[in-house]
Amino acid sequence: MGAELLDRSVKPPRLNSLGSRVLEQARDLLQRTEVLKSVTSSEAEPHGLLRIGLSHPLADGTLIGPILALTEKYPRVQLRLMSELTSELFSPAARG
């Protein structure tokens with residue numbers, strides 16, 4: 001790492017203050033890596049909020065079946081549906 005991490009004046013050598021901070025950061029990095037692996041795992045179940053904007057004709061039944069199938073297959077997905085005129089769906093989408 002290009003820095004002294006151990007106090008070698010004592011037997012056995014032990015971490016100095018910088019070494020302790022590096023160790024803390026390394027443990028945090030390993031924990032975050034494990035979380036990232038679980039998120040990207042093919043076994044990870046989708047979860048979170050999914051916003052869907054539907055034009056009025058689609059909301060009248062065309063996509064209801066697939067939406068219900070999605071919520072049954074992935075119960076941890078929370079849906080927020082909005083039905084508007086197509087032109088009115090662009091503003092919320094642009095705002096994220």
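**Entry 1: the pocket.** I began with the largest pocket and found that strand 3 (48-55), strand 4 (77-84) and helix 4 (86-94) each give at least two residues to its lining. Helices (H or I, at least four residues) and strands (E, at least two) are DSSP runs, numbered from the N terminus. This is a predicted model, where local features need pLDDT of at least 70 and side-chain atom pairs pLDDT 80 or more, while totals for chains, interfaces and linings use all residues. Numbering runs from 1 along each chain as its sequence is written, and side-chain values use heavy atoms, with hydrogens and water left out.

A pocket here is an open set of points on a 1 Å grid over the protein atoms alone, where a 1.4 Å probe fits, with protein on both sides within 12 Å along at least five of seven lines; lining residues have an atom within 4 Å of a point. I looked up the lining and got R51, I52, G53, R80, L81, M82, L89, P92, A93 and G96. The space inside is about 200 Å³, taken as what probe spheres set on the points fill, with points joined across faces, edges and corners.

**Entry 2: salt bridges.** I found 2 of them, each a side-chain nitrogen of Lys or Arg within 4 Å of a carboxyl oxygen of Asp or Glu. R32 pairs with D28 at 3.0 Å, N to O. They sit 4 residues apart in helix 1 (residues 17-40), so about one helical turn separates them. E34 pairs with K37, with the closest N and O atoms 3.5 Å apart. Those two are 3 residues apart in helix 1, so again about one helical turn lies between them.
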